[in-house]
Amino acid sequence: MKEQETRHDRLALRLSVIISRLMAGESLALRPLSEEFGVSLRTLQRDIQQRLLHLDIQHDGRCYRLRTNPLRDNLHRVFSFIRNTGIAKLLPGHNRHLLQLLTAESGIPPCIIGHAPLKSHDALSTFFCSLAQAISGQRCISLQADGREYSGLEPYRLIHSGEAWYLVACHSGSLCVFDLTTINAVSLSGEGYTHREEIIRLTTDDDFISSLPSFALTVSVLRRVSPLHISNVHASPGEHGTSSYAP
């Protein structure tokens with residue numbers, strides 16, 4: 001019994017060492033491992049091909065390695081995520097060690113970002129990705145909000161502010177804001193458009209973002225935060241969930 005437990009301990013240690021080295025981006029040759037652990041080449045092949053089958057391991061004829069380097073690739077994606085979503089503004093530092101702590105899968109998470117409960121909307125998850133896809137691909141959309149149809153919209157941003165997500169879009173020269181809880185349906189068209197840099201900059205402005213929950217923006221605020229020429233500002237009633245202004 002004790003001999004069996006010892007054998008299992010050696011197996012667990014061997015697998016943990018192999019996994020940690022693969023995760024660190026190392027390329028592993030079987031013969032050095034065989035000498036290090038005192039096991040046969042066949043045993044190591046069984047370790048990699050059967051016991052570690054869930055890992056995306058590739059073999060180039062001489063060495064085994066992960067198809068990608070998880071540590072490097074994931075941290076790069078985390079850096080992009082916090083920068084692209086605006087979370088970077090909330091973190092005092094963006095160094096690699098901090099991101100490793102924040103993305104650790106075990107232990108107590110060291111940081112929590114408090115936020116108001118999100119407004120519930122059954123259909124939100126069904127079209128949220130479609131809107132993000134349209135923005136990234138610069139494709140026009142049509143949508144239905146509060147029983148009204150909107151077509152030829154040029155989507156620019158999905159922005160979370162307060163208790164809700166908002167879609168910022170452009171339509172016939174007017175910038176429109178939709179509370180996503182008022183949207184019932186979204187469809188992507190084959191028509192494309194080109195993002196305007198002044199609108200991209202506007203949608204990253206803190207004053208603009210903080211004003212979204214009550215988008216009855218004043219002309220003075222818009223002129224201060226936006227390089228657009230504001231000739232007219234009009235907002236639909238708040239309960240409609242849609243507001244716009246025309247440059």
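Modeller: Note that this is a predicted model. The largest pocket holds about 1,200 Å³ of space.

Colleague: Which element gives the most to the lining of the largest pocket?

Modeller: The lining of this pocket is made up of 31 residues. With six residues, the element that gives the most is β4.

Colleague: How many charged residues are in the lining of the largest pocket?

Modeller: T85, G86, L158, H160 and W165 are the lining residues nearest the pocket centre. By class, the lining has 15 nonpolar and 12 polar residues, and the number of charged ones is four.

Colleague: How far apart in space are L124 and W165, C-alpha to C-alpha?

Modeller: L124 belongs to helix α6. Its relative accessible area is 13%, and the cut-off for buried is under 20%, so L124 is buried. L124 and W165 are 41 residues apart in sequence, while their C-alpha to C-alpha distance is 9.4 Å.

Colleague: Which element gives the largest share of the largest nonpolar core?

Modeller: This core has 17 residues, and L143, L167, F178 and L180 touch the most other members. Two or more residues come from each of α6, β3 (139-145), β4, β5 (164-171) and β6 (174-179). The largest share is five residues, and the element that gives it is α6.

Colleague: Which residues of α3 are exposed on the other side from its buried ones?

Modeller: In α3 the buried residues are T43, L44, D47 and I48. They cover an arc of only 130 degrees around the axis, so they are on the same side of α3. On the other side of α3, the exposed residues are R42 and Q50.

Colleague: Turning to charged pairs, how many salt bridges does the count come to?

Modeller: A pair counts when a side-chain nitrogen of Lys or Arg is within 4 Å of a carboxyl oxygen of Asp or Glu. R196 and E198 meet this with an N to O distance of 3.0 Å. By this rule the count comes to seven.

Colleague: How many residues apart in sequence are the parts tied together by R67 and D56?

Modeller: R67 and D56 form a salt bridge, with the closest N and O atoms 3.0 Å apart. R67 is in the loop between β2 (64-66) and α4 (70-85), and D56 is in the loop between α3 (41-51) and β1 (57-59), so the pair ties together parts whose separation in sequence is 11 residues.

Colleague: Is R67 buried, exposed or partly exposed, and what of D56?

Modeller: Partly exposed lies between the buried cut-off, under 20%, and the exposed one, over 50%. R67 has a relative accessible area of 48% and D56 one of 44%. R67 is therefore partly exposed, and D56 is also partly exposed.

Colleague: Which residue forms a salt bridge with K89?

Modeller: K89 has a relative accessible area of 57% and is exposed. The closest N and O atoms of the pair are 3.1 Å apart, and the partner of K89 is D206.

Technical notes:
Residues are numbered from 1 along each chain as its sequence is written. This is a predicted model: local features need pLDDT of at least 70, side-chain atom pairs count only at pLDDT 80 or more; totals for chains, interfaces and linings use all residues. Side-chain values use heavy atoms; hydrogens and water are left out. Helices (H or I, at least four residues) and strands (E, at least two) are DSSP runs, numbered from the N terminus. Buried means under 20% relative accessible area, exposed over 50%, partly exposed in between (1.4 Å probe, protein chains only). On a 1 Å grid over the protein atoms alone, a cavity is a set of points where a 1.4 Å probe fits but cannot get out, and a pocket is an open set with protein on both sides within 12 Å along at least five of seven lines; lining residues have an atom within 4 Å of a point. Grid points are joined across faces, edges and corners, and a volume is the space filled by probe spheres set on the points. Ala, Val, Leu, Ile, Met, Phe, Trp, Tyr, Cys and Pro count as nonpolar, Asp, Glu, Lys and Arg as charged, and the others, Gly among them, as polar. The arc is that of the directions from the helix axis to the C-beta atoms. A nonpolar core is a set of buried Ala, Val, Leu, Ile, Met, Phe, Trp, Tyr and Cys residues joined through side-chain atoms within 4.5 Å.
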